[in-house]
Amino acid sequence: MTMVLIIFAINVVYVTFYTIRLILTMKGYRYAAAGLSVIEMVIYVVGLGLVLDNLNEIENLIAYALGFGLGVIIGSIIEEKLALGYVMVNVITEDIERKMVRVIRENGYGITDWEANGRDGARHAMQILTPKRYELKLYMLIKELDPKAFIITYEARNIHGGFWVKQVRKGKLFK
């Protein structure tokens, strides 16, 4: 029973590290991802070695598989908590008086906005760049201001220039 728990725990840790490393790599944190991969591989080799040495006991294989599944879940939860990177939020609203733009700017978000035309007439469109950790707060604010707003989010990989980048560098965003 002790071996089953050890194999399970090792695989939970391994797959959690694997998931985080993959996310770090996709977000451009290559040195952190490389460092994490060294630890990940040691854990992987030890865990797989234990399973292969005891392959005749099916509960070890089951523990390995269950640990893998739980590791994916835990890694995903950690990624959500880390909230690395930035998102671009596009909003289309019927608020042609631009009240929403003023309120969102007052909350520290940078917006580019313009007049737009929808199927049913005049609309107002906005692009809002925000750190991922503020994404849900922004959604709640938008939905509070216009529950019918059309919202699309994209992950921003490269950012250059503009007011917003200057504020981030000065450390003045959301303070």
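Modeller: The C-alpha centres of domain 1 and domain 2 lie 38 Å apart. The assignment puts residues 1-82 in domain 1 and residues 86-169 in domain 2 (bounds from an automatic or database domain assignment). The model is predicted, so local features need pLDDT of at least 70 and side-chain atom pairs count only at pLDDT 80 or more, while totals for chains, interfaces and linings use all residues. Residues are numbered from 1 along each chain as its sequence is written, and side-chain values use heavy atoms, leaving out hydrogens and water.

The second largest pocket takes at least three lining residues from each of the two domains. A pocket here is an open set of points on a 1 Å grid over the protein atoms alone, where a 1.4 Å probe fits, with protein on both sides within 12 Å along at least five of seven lines; lining residues have an atom within 4 Å of a point. The volume of this second largest pocket is about 180 Å³ (the space filled by probe spheres set on the points, which are joined across faces, edges and corners). Its lining counts 11 residues, and Met26, Lys27, Gly85, Ala156 and Arg157 are the ones nearest the centre. Sorted by class, 5 of the lining residues are nonpolar, 3 polar and 3 charged (Gly counts as polar, Lys and Arg as charged, Ala and Met as nonpolar).

As for contacts, the structure has 6 salt bridges (a Lys or Arg side-chain nitrogen within 4 Å of an Asp or Glu carboxyl oxygen). One of them pairs Glu79 with Lys132, with 3.7 Å between the closest N and O atoms. This pair joins distant parts of the chain, 53 residues apart: Glu79 belongs to helix α3, and Lys132 to the loop between β3 (121-131) and α5 (135-145) (DSSP runs numbered from the N terminus, helices H or I of at least four residues, strands E of at least two).
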